[in-house]
Amino acid sequence: MEIKNYDFTGKKAIVRVDFNVPIQDGKITDDTRIRGAVPTLKLILEKGGALIIMSHMGKPKGKKKPELSLGQITGAVAAALGVKEVKFAADCANADAEVAALKPGEVLLLENLRYYPEEEGKPVGIEKEDPAYDAAKKEMKAKQKEFAKKLASYADCYVMDAFGTAHRKHASTAVIADYFDANDKMLGLLMEKEVAAVDAVLGDIKRPFVAIMGGSKVSSKIGIIENLLGKADKLILCGGMTYTFAKAHGGEIGNSIVEMDKLDVALNVEKLAKEKGVELVMAPDATCCDGLDFGTMTVKAGSKIANYPSNAIPAGMEGLDAGPEAQKAFAAAIKGAKTILWNGPAGVFECDEFTAGSKAIGEAIAEATKAGAFSLIGGGDSVACCTKFGLTDKVSYISTGGGALLEAIEGKVLPGVAAIKGE
Ligand code: AMP
């Protein structure tokens, strides 16, 4: 079912959102996620429905931790929705009375789903190595179904709008969908947008398609890189992984980050790129330093900062950003693209001295977007880069999902999407 076609009149809708917002001293420090869910929630209210909102917050691991109570955010949710009151059910698995009293136009927020281990469906207090683990897991999966069934019993229809957790097969993100007919379950507006954005870079691709993968390690991105080698025309590999590639060719990389057990993986990526006709673009030079304090993200007084070829970095120096030649090469590769995907910074952008590479990429993306390209930015750090450089309004789409987006780009079907679409 599509949400825009569903008749919510007089119906109770249970909606999985991502209200996992950061809270400090009882105050929400970033309400992006609440704002992200507002269009779906408002739509349901406008169409005459009653809202039962559910989410997790933090990692209580099956324990009732008051500092992770969603009760803290009812006021903020009410303000975001423009309603007088958001009611609260302090026990998400025993909310029958609150649900029964709920009328059209009213909003009920359930307590943190992860107060119950059944939400994640992982057995607690037992290690995978334990011989009894398999039995405990089976038992927990059965309990997870019961928990999901209970949540489903509150409502006439189910809406999945939590992209940030769509890669998890949890009670509220996927299992619950089994208890609704195909006509009574649907993706929310945020999920629809995220799925369409992923489809634009993986499905219906306008070429040339330039993908930019950065970050610290090859190992955490290899699945995506391999999938992109079958899709992209050009692949810019930057950030810390540069030095694993340089090392694989016998380069000198000084103190730069390297994964010695991934040298063969790097060589294989190059081989695959050649076979598939994908142009690999890597940084010819690096901005290096001998005194970055990663704890405070500042350069220690008296440290040296200099540019070297990425494969000729002197001992004691560490490659921390794409150098000036690399910045030009990246910008040139991005120019003229019609589809762009960016995940992971080109350097240690948290420190002002090493932002230039990521900034050059962000600005080239903004320019290509202005010229008509579709650009998708995803993963916490590249989103933070866009915010830092004031580029959020100059790219096509910024994904709200970290892990979920990466898994979608890897080509995996997200359980939260499959549960609705039956794939
Ligand atoms: P990831 O979570 O893998 O996307 O990596 C993001 C992190 O990579 C950021 O915190 C950056 O500081 C870090 N990073 C980028 N370039 C480098 C580099 N050359 N050396 C060490 N860390 C880096």
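These legends go with a set of close-up views of a predicted model.

Residue numbers start at 1 in each chain and follow the sequence as written. Since the model is predicted, local features need pLDDT of at least 70 and side-chain atom pairs count only at pLDDT 80 or more, while totals for chains, interfaces and linings use all residues; side-chain values use heavy atoms, with hydrogens and water left out.

View 1. (Nonpolar covers Ala, Val, Leu, Ile, Met, Phe, Trp, Tyr, Cys and Pro; charged covers Asp, Glu, Lys and Arg; the others, Gly among them, are polar.)

View 2. K221 uses a side-chain N or O atom, 3.0 Å from a ligand oxygen. S216 comes in through its backbone, with an N or O atom 3.1 Å from an oxygen of the ligand. At G319, a polar backbone atom sits 3.0 Å from a ligand nitrogen. Taken alone the ligand exposes 510 Å², and the protein buries 82% of that (Shrake-Rupley areas with a 1.4 Å probe; for residues, only the protein chains shown count as cover).

**View 3. The largest cavity.** The count comes to one cavity of 30 Å³ or more, and the largest cavity holds about 70 Å³ of space. A cavity is a set of points on a 1 Å grid over the protein atoms alone where a 1.4 Å probe fits but cannot get out, and its lining residues have an atom within 4 Å of a point. Points are joined across faces, edges and corners, and the volume is the space filled by probe spheres set on them. D18, T32, R33, G36, F163, G164, L190 and T400 make up the lining, which splits into two nonpolar, four polar and two charged residues. Helix α1 (residues 32-46) gives the most, with three residues. Helices (H or I, at least four residues) and strands (E, at least two) are DSSP runs, numbered from the N terminus.

**View 4. A stacked aromatic pair.** The rings of Y158 and F180 have centres 6.0 Å apart and planes at 20 degrees, so they count as stacked. Rings of Phe, Tyr and Trp (its six-membered ring) pair if their centres lie within 6.5 Å; planes under 30 degrees apart are stacked, over 60 edge-to-face, and the rest tilted. Y158 lies in strand β7 (residues 157-160) and F180 in the loop between β7 and β8 (185-187), so the pair ties together parts 22 residues apart in sequence.

View 5. The peptide bond from R207 to P208 is cis, with omega near 5 degrees. D25 has a phi near 50 degrees, a positive value in a residue other than glycine.

Notes: 1 Å grid on protein atoms, 1.4 Å probe; cavity = no way out; pocket = protein on both sides within 12 Å on 5 of 7 lines; lining within 4 Å. Polar contact = N/O pair within 3.5 Å; in protein donor to acceptor, adjacent residues only side chain to side chain.
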